[in-house]
Amino acid sequence: MVAVGNRFAGDDAAGPLVLDAVRDDLPAGVVARELDGEPARLLDAWDGLDAVVVVDAASSGEPVGTVHRLAVEPRGPSGIGPGPPGRRRSSHGAGVAEALGLGRLLGRLPGEVVVVGVEGARFSAGTTLSRAVAAALPGAAAVVRDEVGRLTGAPGRCA
Amino acid sequence: MSEDRTIRVDALARVEGEGALHVEIRDGALTGVALEIYEPPRFFEALLRGRRHTEPPDITARICGICPVAYQMSACEAIEDACGVVVDGPLRDLRRLLYCGEWIESHTLHVYLLHAPDFLGYDGALEMAADHRDRVAQGLELKKVGNALVEVVGGRAIHPINVRVGGFHRVPTRRELAPLLDDLRRVRDIAEDTVAWVAGFDFPDLTHDHELVALARPDEYAVIGGRIVSDRGLDLAASEFSGAFVEQHVARSNALHAFRSDGGRYLVGPLARFALGFDHLLPGARAAADAAGLTPDERNPFRSIVVRAVEVLHAVEEAIALLEGYEEPDAPARAVEPRAGTGHGVSEAPRGLLYHRYTLDDEGMITDAVIVPPTAQNQPGIETDLARLIEDNLDLGDDALRHVCEQAIRNHDPCISCATHFLDLTVDRR
């Protein structure tokens, strides 16, 4: 499981906070990492794994607090593009979508990839979450537990 | 007829800044270029006040996710200077090793995933990877070794936690470092090949006349500490930084712009380091630079991508040498007892000279902090580059103009490149 985000950038903390919520429930053998979203680090983080659940803040235009679940085809075309034009090309701004795209092109994605996104609103400096994001965290954590349970065949510990 | 063109850079999630490039064109002539940058280090200067002298390495590492080691090293140098402690020998070597890791990962990311697509005509790394799979794969392989260096020596891949004033919390054993030596020897050829690859790109014509400023040391390609020198005869101690450079508030921006005290523009970063430190490049990097046709007289900012590749090779060579000679320091850190005073620290972040100054009271509380990041110093130079380019390309359409502006901004890998990739060119024609 990979949590992506910055704990000090408003709603961008959603990923790490979901990780905090589920960490104790993860079955043995599940590796959890917290990363900043830089694509090369993400590719290294899931190198050689069978499956990965990525949890990240999202900015798609859906209502704030929406929990997205997206299964990514590791090969061939999938619904995930590189994100809006321009939302990349930067050592500071690239993210999960670019890592997934690169991973697919380079054959460096696990067999199963699920992205859980929490729609955010404010990503400026600070540790305050939008109310709707804070309210969405338990639901996002439940989705992550379900996915980890499904992928590891250990639903009893994760349900 | 007048024409307004606005190139706007919007704020992004998970980025340290926001910025905008405003280009004003009147009656077919360029009348203004303003690069606006929001700078987080300013917040940090304020929140460092009242903190203990031991805290800046951990606090300032948070300023940037790409170059945290630079912030840690300049912070340590400044605090140690204030307290009258010099960290040298094996501990300094270990700091250089950590810094090599940051240069390798930061520069390689920039060269392969950000700047190369500009030269090859792709919108981004994804599009480039579709056609140049092996190239991108080798770039990631090279970068991974930089990541590993930072993780092993720094204790964590992002915002390293093993650095402290006086040295490290814990020093790695030879055994822990051994795999890194194998990795570095393996990717040395990739680093060499990278120089040859990017040297073959087509470079737009542009010559800058900025004063070049970098650190210099008598015995090495300077990264940590040293004199502040320029290609126009400047030669200062770090403590003299404030007398030679001034930061000005620019009304249209919440960022400070740095100038020489006589008002002149200057440039820090790879082009400056290369021009001033050429004689200290390690043999492989020197040979690769020669083969690429680079000389200390290089003044085309677009060739900075070649200089970055040379610096990656240099960092790989230096890291190999440091690891081959590594002996565990006797203690992980030197004691740094606080005392009242002011200290200055300088180091070469991948993007250029990074200056820190701290004033401590006699109990070690920070009463004043100043951080001058490379991007603030380069901002006037970047604007000048952009103005020249835009004047030469006024006939281009919006997309082409945006592309050339993005590419020119990326020449300096500004720490707001988090935002400069989002050049949203809108044209208001009246």
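Which strands of chain B does helix 12 lie across? Select residues 374–392 of chain B: helix 12 lies across strand 12, strand 13 and strand 14, running at about 130 degrees to strand 13. Axes here are lines fitted to C-alpha atoms, for helices over the stretch in contact, and angles run from 0 to 180 degrees between N-to-C directions. Contact is when the C-beta atoms of two residues, placed from the backbone, lie within 7 Å.

Some housekeeping before we move on. This is a predicted model, where local features need pLDDT of at least 70 and side-chain atom pairs count only at pLDDT 80 or more, while totals for chains, interfaces and linings use all residues. Residues are numbered from 1 along each chain as its sequence is written, and chains are lettered from A and ligands numbered from 1 in the order in which they are written. Helices (H or I, at least four residues) and strands (E, at least two) are DSSP runs, numbered from the N terminus.

**Under the helix: the sheet**

Now show those 3 strands of chain B: they form an open, antiparallel sheet in the order 12-13-14. Strand 12 (341–349) and strand 14 (366–372) of chain B are at the edges with a single partner strand each, so one side of each has no neighbour in the sheet. From one strand to the next, the twist averages 15 degrees.

Zoom in on strand 13 (residues 352–360) of chain B, which pairs with strand 14 over 6 bridges in the antiparallel sense; pairing takes at least two DSSP bridges between the strands. Click B:Y355 and you'll find B:V372 of strand 14 opposite.

**Two crossing helices**

Next, pick helix 4 (residues 89–120) and helix 13 (residues 398–410) of chain B, whose axes come within 10 Å and cross at roughly 140 degrees. Show B:L114, B:H115 and B:D118 of helix 4 and B:E406, B:Q407 and B:R410 of helix 13 to see what makes the contact.

**A covered helix**

Select residues 304–324 of chain B for helix 11, with 21 residues and 30 Å from first C-alpha to last. Of its 21 residues, 18 are buried (20 or more other C-beta atoms within 10 Å of the residue's own, C-beta atoms being placed from the backbone).

**Last stop: chain A**

Colour chain A by secondary structure to pick out 5 helices and 5 strands. From the N terminus on, they run β-α-β-α-β-β-α-β-α-α. Buried residues make up 54% of this chain's 159 residues.

Technical notes:
A residue is buried if 20 or more other C-beta atoms lie within 10 Å of its own, exposed if 12 or fewer, and partly exposed in between; C-beta atoms are placed from the backbone. The expected span of a helix is 1.5 Å times one less than its number of residues.
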